[in-house]
Amino acid sequence: MSEVAPRAEKVELAELRDAIRAEYGAVAIDPEAGYHFNAGRELPATLGYKREWLDGIPEESIAALVGTGNPFALGALKPGENVIDMGCGGGIDSLIAAKMVCPTGKVIGVDMIPEMLDRARAAAVKTGLSNVEFIDGVAESLPVPDGWADVVISNGVLNLLPDKVAGIQDMYRALKPTGRLQIADITVSRAVPDAAKLDLDLWTG
Amino acid sequence: MTAGLVDFEITWKENIYAGAPPESNAEDYGTLGINFHARKPVNEAEWTAALQALSCDAPQAWAEVN
């Protein structure tokens, strides 16, 4: 009699990352295609982004926003501050932050989706901002030294991490003492069944 | 607190999935968009004081989160 393989108890990280890359890579290529979440040019206004924040931000960054809230509603970023944008996508929040903290502050946008990084980098060139950089990386291992950041922002990314504590712990590592998290994400009011947690489609959309 | 942060607060909640095509998965779980903030304490004493003010399970020592 052949043995039945034990049922997986949690989603595999590599598999989940591949699924996220596929889904959000598609968003980067065509933000208006229609997804299980809101995306596209109308979303910033829906989330309360001020018009003046978007001045000078290229359309390709605005259109690729798939955020769930508004990190800037949690407090102004100040000139001179160092900021990490964890899961920067097409760069809209990084570029807004770069304007707020310039000229002496710096923004590092981190994402693991090549198509989003391409979009963000192209947009940054158009803005002429020199205090923003986009780096290929993952949330659980941010590419900055300990205590580098005054602020970590993120918009709709933490929910994609199977181990959210690990993600927040690395944000903690990256923050200076008294440094701030300003995060937009999602919450649920009904428990997600264990079987549903293995469904990659539910994770990504 | 588990990650060593203090001053956690959710400041905004809204159904951001209204009108998204389709909504059913989000509504199944009562999914809402939120904004929240938190802060890295200035030192261990601040974290310990915040921990003592909690009324739920959390790490008992600074070393557990550092």
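Reply: To begin with a term, a residue is called buried if 20 or more other C-beta atoms lie within 10 Å of its own, exposed if 12 or fewer, and partly exposed in between, with C-beta atoms placed from the backbone. This is a predicted model, where local features need pLDDT of at least 70 and side-chain atom pairs count only at pLDDT 80 or more, while totals for chains, interfaces and linings use all residues. Residues are numbered from 1 along each chain as its sequence is written, and chains are lettered from A, with ligands numbered from 1, in the order in which they are written.

Me: OK, what percentage of chain B is buried?

Reply: Of the 66 residues in chain B, buried residues make up 23%. Its secondary structure comes to two helices and two strands, and along the sequence these follow the pattern β-α-β-α. Helices (H or I, at least four residues) and strands (E, at least two) are DSSP runs, numbered from the N terminus.

Me: And which strands make up the open sheet?

Reply: The open sheet has seven strands in the order β3(A)-β2(A)-β1(A)-β4(A)-β5(A)-β2(B)-β1(B), with mixed pairing; two strands pair if DSSP finds at least two bridges between them. β3 (132–136) of chain A and β1 of chain B stand at the edges, each with a single partner strand, so one side of each is left without a neighbour in the sheet. On average, neighbouring strands of this sheet are turned by 15 degrees against each other, direction ignored. Axes here are lines fitted to C-alpha atoms, for helices over the stretch in contact, and angles run from 0 to 180 degrees between N-to-C directions.

Me: How many bridges join β5 of chain A to β2 of chain B?

Reply: Eight bridges join β5 (residues 175–187) of chain A to β2 (residues 32–39) of chain B, and the two strands run antiparallel. Going through some of the pairs, R180(A) has R39(B) as its bridge partner, I183(A) stands opposite F36(B), and A184(A) is partnered by N35(B). On the chain B side, β1 (residues 6–14) is joined to β2(B) by six bridges, also in an antiparallel run, and there E9(B) has H37(B) as its bridge partner.

Me: How many residues does each chain give to the contact?

Reply: Chain A gives 32 residues and chain B gives 27, where two residues are in contact if their C-beta atoms, placed from the backbone, lie within 7 Å. On the chain A side, the elements giving two or more residues are α7 (164–174) and β5, and the largest share, 13 residues, comes from β5(A). By class, that side has 15 nonpolar, 13 polar and four charged residues. Ala, Val, Leu, Ile, Met, Phe, Trp, Tyr, Cys and Pro count as nonpolar, Asp, Glu, Lys and Arg as charged, and the others, Gly among them, as polar.

Me: Back to burial, what does α7(A) pack against?

Reply: The buried residues of α7(A), among them I168(A), M171(A) and Y172(A), pack against β1 (82–86), β4 (149–155) and β5 of chain A.

Me: How many residues are in the largest nonpolar core?

Reply: It has 58 residues, and those with the most contacts inside it include V83(A), I84(A), L95(A) and M171(A). Such a core is a set of buried Ala, Val, Leu, Ile, Met, Phe, Trp, Tyr and Cys residues joined through C-beta atoms within 7 Å. Its largest share, six residues, comes from α5(A), a helix (residues 92–101) that is mostly covered, with nine of its 10 residues buried. Leaving aside neighbours within four places in sequence, I84(A) is in contact with residues including I108(A), V144(A) and V152(A).

Me: Switching to the backbone, which peptide bond is cis?

Reply: The bond from C102(A) to P103(A) is cis, with omega near 5 degrees, and P103(A) sits in the loop between α5 and β2 (106–111) of chain A.
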